[in-house]
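Subject: A structure for you to explore

Hi there,

Here is the structure I promised to pass on to you. Please open it and keep it beside you while you read.

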Amino acid sequence: MTELLANHLWQSTLFAAAAGLLTLAFRKNRAHVRYWLWLAASVKFLIPFAVLMAIGAQIEGPTLVTAQRELGVVVASVSEPFSLAELNAVASSSPRGAEGAPLRSMVTTGLVAIWVIGCLTLLFVWAVRWQRVARAVRAASPIEAGPVTAALGRLHNVEAGLPPGQTRPCSLRIVSSATTIEPGVFGIVRPALLWPRSISERLSEEQIEAILAHELAHVRRRDNLAAAVHMLVEAVFWFHPLVWWLGARLVDERERACDEEVVRLGSEPHVYAESILKTCQFYIESPLVCMAGVTGSNLKKRIELIMRNDSNVALSAPKRILLGASLVAAIALPVTVGILTSPRLSAQIVAPAADAPTFEVASIKPSASGGRMGGRGTPGRFTTQGMPVRRLIRQAYDIHDSQIIGGPDWAGSQGYDIDATTGGKPPDQMRFMMQSLLRDRFKLTFHKEQRELATYALVVARSDGRLGPGLKRIPDDECPAPGSPRRGGPPNGPAAGPPPSPFDPNAKAPCGSIIFGPGRLLAHGVPIDMLTRSLGNLPAITSFNRLVTNMTKLEGVYDFDFRWTNEFGPGGPPPSGGPAAVNPGDEPVLFTALQEQLELKLTPQKATLDVLVIDSVDRPGEN
């Protein structure tokens, strides 16, 4: 939550800064253009970019080249500079980091309490002011005829563009009050014009008509509704000085926009300016921003602009294009970032082309039952031992087992020993050679569909981002690439001898690797992505067979020694040919251990993914 709030405030501040730069480009145009720019900056506080980025993450885009994805990451890092990993690192680097967790919790609780008090105080003050004006409106008497209603009707017809002699009733109610509050429009759904009874004695007919024109402009522009929206922004983000500054800009521009409308409808600038000055002299300003009056904003500057009357420059074609492009960019940019940076839950499931790369020589033999299962790719060679066809498909197309639909039972149970040579082809062609092998030797044919599948999202369990005792971030250079010097030690060469046994309580994993065992995952210097792949691709160890996506936003490499008790559901161990049926409430002990030891959590989700539906597959023929 802290990360989301920090990123949202940062994005909203950047958006407001961009809107401010745009207002400079339109400083000589009509005020309503600048008003809508400031209003957009205000509304942005209520719409996190994360929502638009999440929409983009669901869009299936084209295959992305590295440069495109890196561009998306750069933009995302600018728009989301705060991450749980960084916040957690700051907390951990403080003195007595672990012991200070209760103190941080108390500080967080205190800050939330202060925010609630501030929010409720603002709402209470505004509610009292609203009731004050509402009582004045209820006590006022309606004005159904007379010079004021006649003038209001004429102005309404002019604004509606009706020809002379044709009229249309005005829906704005006028109520006469003995209050000293300035003339103002009260209400949002059914607004009423609160009209002081003594104003007719103090203003001339021309001045009264100018004031009425100003209030009609507020009604037509829905200024009360927009002001109420910004009041909500101020109540929620009262601690951010920018929202109060935005509120002042909104009042400035809305009053200037109405001033321009009054002069456009035919009022003489000097008559209108004098009517504003007299209103300010005899009446007090409206107590509510969402009750649009006539005396708001910087009075001296308003009078100068009214008398100059030079703010009616029409928008040129380039400026119209700039406005449109800015609107499109405000929506399209976060959606595009979501498309570029979202982890793709599946690769491109496409049958290999006729000219796809193939192995130079490939020997395929059925494995003896009960043998060891695994595969290995080395320079110039690809070998497997006891590998079923389903697992070959999973590796060749880089998909999860739950994304493989159909096929005979033997495709998930019968293992095969494969010994193939690449003929000098580069290692990045290995997957494509495996796809060709499945097509040519196993006669695999399939088609792609989209289906809704049950998945898990790995997230940080604590709101403060603190990690569990079993998960430790290590320096990036602690486990460099093989052959490069390790920090404070000899080069990081390949480990000598067989890999450590997961049953050895003192086992240590080599750099950049995970040791698998019943009820244990031991790792040294691996990213969290490797943990999610292990949880999702080892149903025999984790007791479930669902795709797991990394939603932790934890960067860098980590050590962990994660242990739990294997407890399969009522159906026993998951079948090799399909996902296990894990119902809510029937999860294995792994879920509890994951949170207690690593402070990570698996959250069940539904996702629409590409799946590979097997149409036919045959046992391989003789070599």
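Below are some notes on its helices, strands and salt bridges.

This is a predicted model, in which local features need pLDDT of at least 70 and side-chain atom pairs count only at pLDDT 80 or more, while totals for chains, interfaces and linings use all residues. Residues are numbered from 1 along each chain as its sequence is written, and side-chain values use heavy atoms, with hydrogens and water left out.

Let's begin with the helices. Helices (H or I, at least four residues) and strands (E, at least two) are DSSP runs numbered from the N terminus. Helix H11 covers residues 241–264 and helix H12 covers residues 269–282; they pack at an angle of about 135°, and their axes are 10 Å apart. Here an axis is a line fitted to C-alpha atoms, for helices over the stretch in contact, and angles run from 0 to 180 degrees between N-to-C directions. That angle makes H11 oblique to H12: under 35 degrees counts as roughly parallel, over 145 as roughly antiparallel, 65 to 115 as roughly perpendicular, and the rest as oblique. On the H11 side, the contact (heavy atoms within 4.5 Å) is made by Cys258, Asp259, Val262 and Val263, and on the H12 side by Pro269, Tyr272 and Ile276.

H12 also meets helix H9 (residues 205–221), where the axes come within 9 Å and cross at roughly 85°. H9 and H12 are therefore roughly perpendicular to each other. Among the residues that meet are Ala210 and His214 in H9, and Tyr272 and Lys278 in H12.

Now for the strands, which pair if DSSP finds at least two bridges between them. Strand E16 (residues 600–616) runs parallel to strand E8 (residues 404–405), joined to it by two bridges. In that pairing, look for Ile404 opposite Leu612 in E16. E16 also pairs with strand E10 (residues 445–460), this time in the antiparallel sense over 16 bridges. There, Val459 stands opposite Lys601 in E16.

How many salt bridges are there? The count comes to 21, where a salt bridge is a side-chain nitrogen of Lys or Arg within 4 Å of a carboxyl oxygen of Asp or Glu. One to look up is Arg34 with Glu253, whose closest N and O atoms are 3.2 Å apart. Arg34 lies in helix H2 (residues 31–44) and Glu253 in H11, so this pair ties together parts that are 219 residues apart in sequence.

Enjoy exploring!

Best wishes
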